[in-house]
Structures are given as C-alpha cells and as structure tokens.
Amino acid sequence: MPRKPRFNLPGMPQHIVQRGNNRAACFFEESDNIQFLDDLKESSRKYHCQLHGYVLMSNHFHLLASPNDRYGISQMMQALGRRYVYFINHKYERTGTLWEGRYRSCLVDSEAYLLTCMRYIELNPVRAGLVKHPEEYSWSSYRANACGEADELISPHSVYLAIDHSDGGRQEAYTDLFRDQIGKSMIQEIRQSLHHELVLGGSRFKDWIEQETHRQTRPRSPGRPCAN
C-alpha cells in the first residue's frame, strides 16, 4: 500500500507522534532525553519549525510544531531521527531501527483546537500515572507554557499569546485550563486524527483544508466504498 501523502501547509500547526519499535523504549535514561531535546532544537531551527509543545515518554514522544516552509516538518523529523538514532545506537552498541515505522501527524485547527492539543500533549504523564500534575514532570513543555520556565525549544503560538496580554496573566490562565480533564470523546478525536493522519478541527476548517489540498480530512464512514 502506498504511503499516504502528508499535509504540508506552511504556518499550520501539526501534532506529531513517534513511537519506539514494537512500543519498546526509545529513551533509556535522563541523558538520552537531554540529547534528544538538543537534537530537536538543532533540527527545528535548521528547518525553520516553531515548536509550541512537547512531551517525552519512555517509548514515544509528542510534538506540536508549525513549519515555516512546506516540507519543514518532514525535514526536521528526518534530521532528528538520523541524529538521535545514531546517538542511541552508538551509546548502547546496538543496530537496527529505533522507531515503529514513520512518524504520524495531523493538522490542527489552531483557533479551536490548539490549546486542547497542548493540554493533551502535556497531560500524557498524568494519564500514564507517572505524576499527579504535569508540573511534576521534567520532560515536557508544561513548565515553560504554564510557569514561565526558560525553554529554548518553545516558540509561543499566537493563540497561546492571545490568552492574556501579560506573561503572568497568560501563564495563570493557561494553568487554569488544566483544572478540567479532557473529555473522553475529545481524546478519542485527537487519537483518531493522529492514527489516520487526518485533520483535528471543526467542519469549516476541514472543508477549507479539503479545498486547498484535495485530500481527505475526515475518517471514512464504515462500509463506504473506496474511490476508484
């Protein structure tokens, strides 16, 4: 089966996930996380991608990033993969693949879904039972977005900046968003959009993307015949 073409739209945020091969670990100790973030910083800058959120788990990672160039995300991820896999294979004297196939990604409707997507990413350690609050987890963007902690990786999205005119007010309002859990239906929608590499957004946004790209943005209905 041919690979599904990716949505490549400059300035449009994408939610990205990459998992370890067979769901095995891809981060083994803290120094691996540090190396990965250094490689991510280098790759994102080289290919002009703005990173808005991230989380590193033991066997996968999530990113939320906007490319300035059409193929920026793909180029960033290829460079990141090469650098980090070389580091891991050399460090642990291993060979072969580290990742479970190619990364998955979906476009994100920034006006309606960007902040929800950021919460979904930064709440991963809480859902996994690793911590009770995202601030307790060291390997995510939460402390930068909610607490103002310095993080060279993060470039705030305009939707995030519009929360409040002051840094303190913005961080307080962002923290308040985490008082409520993300509903199960929304979690399912986010995961479905990622799994099928479609679009996370409202109907009008999806219609616009379909017009711009001539690509499917919604899951096919059960039993729907494939186009010839």
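1. In this predicted model, strands E2 and E3 form a hairpin, with three residues lying between them. Strand E2 covers residues 49–56, and strand E3 covers residues 60–67. The two strands run antiparallel and are joined by seven bridges.

2. Strand E2 is mostly covered, since seven of its eight residues are buried. When viewing this strand, the student may recall a general point: in a regular strand, side chains alternate between the two faces of the sheet.

3. The largest cavity holds about 60 Å³ of space.

4. The residues around the largest cavity deserve attention. Its lining consists of Lys4, Pro5, Arg6, Phe7, Gln14, Arg102, Ser105, Cys106, Leu107, Glu197 and Arg215. Strand E4 (residues 104–108) supplies the largest share of this lining, namely three residues. By class, the lining of the largest cavity has five charged, four nonpolar and two polar residues.

5. Thr116 is placed in helix H3, which spans residues 110–122. Is Thr116 buried or exposed? Thr116 counts as buried because its relative accessibility is 17%, and the cut-off for buried is under 20%. Leaving aside residues up to four places away in sequence, Thr116 touches Ile182, Met186 and Ile190.

Conventions. Residues numbered from 1 in each chain as written. Predicted model: local features only at pLDDT ≥ 70, side-chain atom pairs only at ≥ 80, totals over all residues. Heavy atoms only, no water. Buried < 20%, exposed > 50% of the residue type's maximum accessible area, 1.4 Å probe, protein only. Helix = DSSP H or I, 4+ residues; strand = E, 2+ residues; numbered from the N terminus. Pairing = 2+ DSSP bridges. 1 Å grid on protein atoms, 1.4 Å probe; cavity = no way out; pocket = protein on both sides within 12 Å on 5 of 7 lines; lining within 4 Å. Points joined across faces, edges and corners; volume = space filled by probe spheres on them. Nonpolar A, V, L, I, M, F, W, Y, C, P; charged D, E, K, R; others polar. Contact = heavy atoms within 4.5 Å.
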